[in-house]
Amino acid sequence: MLLDPRAPRFAAAITTVVLAVALVTGSTLLLIVQAVIFAVTAANPRLGPYGLLYRSLVAPRVAPPSVLEPVAPVRFAQLVGLVFVVVAVTGQLAGVPALGLAATGAALAAAFLNAAFDLCLGCVGYLALRRLAGRPMAARVPAGLS
């Protein structure tokens with residue numbers, strides 16, 4: 001499966017806002033909601049709520065993508081985000097707010113880098129792991145070749 005690379009970046013922008021609000025307010029509930037969104041998107045990026053918003057509100061108003069990207073790095077990045085948010089929730093619920101703040105901050109930084117600079121740390125990590133395993137893959141493919 002291939003994705004429009006603008007959709008994960010759009011999702012990262014929303015995630016950035018959600019995590020920033022959670023960080024400022026200390027909202028465990030908001031982190032739990034984001035964890036569910038990460039889990040759904042990791043299971044199937046086409047069903048992720050932010051991706052659905054992109055496809056219904058943004059995609060019809062912009063030109064088709066010139067390149068598509070494989071779904072696997074995006075799924076891995078969502079799993080990494082899920083891990084960080086679960087650690088954040090665990091820290092908050094266990095009465096270790098520093099752990100919650102640090103994990104939320106790390107997830108926020110990664111989401112911001114993706115949204116602002118198109119630098120998906122989870123995707124980069126996935127591709128590095130593939131290279132280490134001797135199974136490199138193309139990061140993006142021209143849209144006409146899909």
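Student: Is Pro 65 buried, exposed or partly exposed?
Tutor: Start with the classes: buried means under 20% relative accessible area, exposed means over 50%, and partly exposed lies in between, for a 1.4 Å probe and protein chains only. Pro 65 has a relative accessible area of 22%. So Pro 65 is partly exposed.

Student: What kind of model is this?
Tutor: Residues are numbered from 1 along each chain as its sequence is written, and side-chain values use heavy atoms, with hydrogens and water left out. Local features need pLDDT of at least 70, side-chain atom pairs count only at pLDDT 80 or more, and totals for chains, interfaces and linings use all residues: this is a predicted model.

Student: Where does Pro 65 lie?
Tutor: Helices (H or I, at least four residues) and strands (E, at least two) are DSSP runs, numbered from the N terminus. Pro 65 itself sits in the loop between H3 and strand E2 (67–70).

Student: Which residue makes a polar contact of 3.2 Å with the side chain of Arg 6?
Tutor: Arg 6 is in helix H1. Contact means heavy atoms within 4.5 Å, and leaving aside residues up to four places away in sequence, Arg 6 touches Tyr 54, Val 62, Ala 63, Pro 64 and Pro 65. A polar contact is a pair of N or O atoms within 3.5 Å; within protein, one must be able to donate a hydrogen and the other to accept it, and residues adjacent in sequence count only if both atoms are side-chain atoms. At 3.2 Å, the side-chain partner of Arg 6 is Tyr 54.

Student: How many Å apart in space are Arg 6 and Asp 118?
Tutor: Asp 118 lies in the loop between H5 and H6. Asp 118 is not a glycine, yet its phi is positive, about 55°. Arg 6 and Asp 118 are 112 residues apart in sequence, but C-alpha to C-alpha the distance is 8.9 Å.

Student: What is the volume of the largest pocket?
Tutor: On a 1 Å grid over the protein atoms alone, a pocket is an open set of points where a 1.4 Å probe fits, with protein on both sides within 12 Å along at least five of seven lines; lining residues have an atom within 4 Å of a point. Points are joined across faces, edges and corners, and a volume is the space filled by probe spheres set on them. The lining has 38 residues, with Pro 8, Ala 11, Val 74, Gln 78 and Asn 114 nearest the centre. The pocket volume is about 580 Å³.

Student: What is the relative accessible area of Asn 114?
Tutor: Asn 114 is found in helix H5. Apart from residues up to four places away in sequence, Asn 114 touches Pro 8, Arg 9, Ala 12, Leu 119 and Cys 120. Asn 114 is buried, because its relative accessible area is 10%.

Student: How many Å apart are the end C-alpha atoms of H2?
Tutor: The expected span of a helix is 1.5 Å times one less than its number of residues. H2 has 16 residues, so it should span 22 Å. The end C-alpha atoms agree with that, at 23 Å.

Student: Which residue caps the N-terminal end of H2?
Tutor: The backbone nitrogen of Leu 30 lies 3.0 Å from a side-chain oxygen of the capping residue. That residue is Ser 27.
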